[in-house]
Amino acid sequence: KFRKKKRSILNNLTAKFFAVFIFFVKKIDKIIFKKYNRNMIKENLDKIFKEIENGNNLGEKITLVGATKTRTADAINQAIACGLTDIGENKAQEFRDKNDLVSPNAVRHFIGRLQTNKLKYLIGKVYLIQSVDSFELANEISKKSVEKNVTTNVLIEMNLAGEENKG
């Protein structure tokens, strides 16, 4: 399943970003949050930061985004206190419920599939929506952003391989 997904991502225009992103999201999820005592989080983040300090193989800066799915606000705040600067949530309701409990120092990303009726939880609160997969969604983000007088950064997903199971 992962190989299929990886192949699909590599066919995407944003392959470089997502390949790095997926690798580190999985690493963050498995290493950092499993046991979340502060010392272990700090040690694990330091290891990852050391691995990415020189950027990717093209010398481009890598931004580590910690996936916060199912993690408590306390665990997320511990990671932020240890140097994690960007966090990503994949469920709009979970974002809504945790957002005010998480340090305002972290840059917020939305990394999951998004429905237009959930935009109310995100617009004006996230730096980047990484999962725009339709013109309808892009138009609705634009409309809601104009209403709130904010700029919303997005990454557009493109199904270049023509896979039917992709949104």
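How many residues apart are Lys-144 and Glu-140 in helix 6, and what does that come to in helical turns? They sit four residues apart in helix 6 (residues 135-148), so about one helical turn separates them. Keep in mind that you're looking at a predicted model.

**Salt bridges**

- The count for this structure comes to seven salt bridges.
- Lys-144 and Glu-140 make one of them, with their closest N and O atoms 3.7 Å apart.
- That pair counts because a salt bridge needs a Lys or Arg side-chain nitrogen within 4 Å of a carboxyl oxygen of Asp or Glu.
- Lys-144 has a relative accessibility of 26%, so this residue counts as partly exposed.

**Arg-96 and its two neighbours**

- Arg-96 pairs with Asp-97 in a salt bridge, and their closest N and O atoms are 2.9 Å apart.
- Arg-96 comes out as partly exposed, with 37% relative accessibility.
- Asp-97 is partly exposed too, at 47%.
- Which ring does Arg-96 lie over? Look for Tyr-121: Arg-96 lies over the face of that residue, 4.7 Å from the ring centre.

**Aromatic pairs**

- In general, a pair of aromatic rings is described by how far apart the centres are and by the angle of the planes.

**Two packed helices**

- In general, you describe two packed helices by the angle between their axes and the distance between those axes.
- Here, helix 3 (residues 38-52) packs with helix 4 (residues 73-81) at an angle of about 50°, and their axes are 9 Å apart.
- That angle makes helix 3 oblique to helix 4.
- What hand does the crossing have where helix 3 passes helix 4? The crossing is right-handed.

Definitions and conventions. Residues numbered from 1 in each chain as written. Predicted model: local features only at pLDDT ≥ 70, side-chain atom pairs only at ≥ 80, totals over all residues. Heavy atoms only, no water. Buried < 20%, exposed > 50% of the residue type's maximum accessible area, 1.4 Å probe, protein only. Helix = DSSP H or I, 4+ residues; strand = E, 2+ residues; numbered from the N terminus. Lys NZ or Arg CZ within 6 Å of the ring centre and 35° of its normal. Axes fitted to C-alpha atoms, helices over the stretch in contact; angles between N-to-C directions. Parallel < 35°, antiparallel > 145°, perpendicular 65-115°, else oblique. Left-handed = near helix turned anticlockwise from the far one by under 90°.
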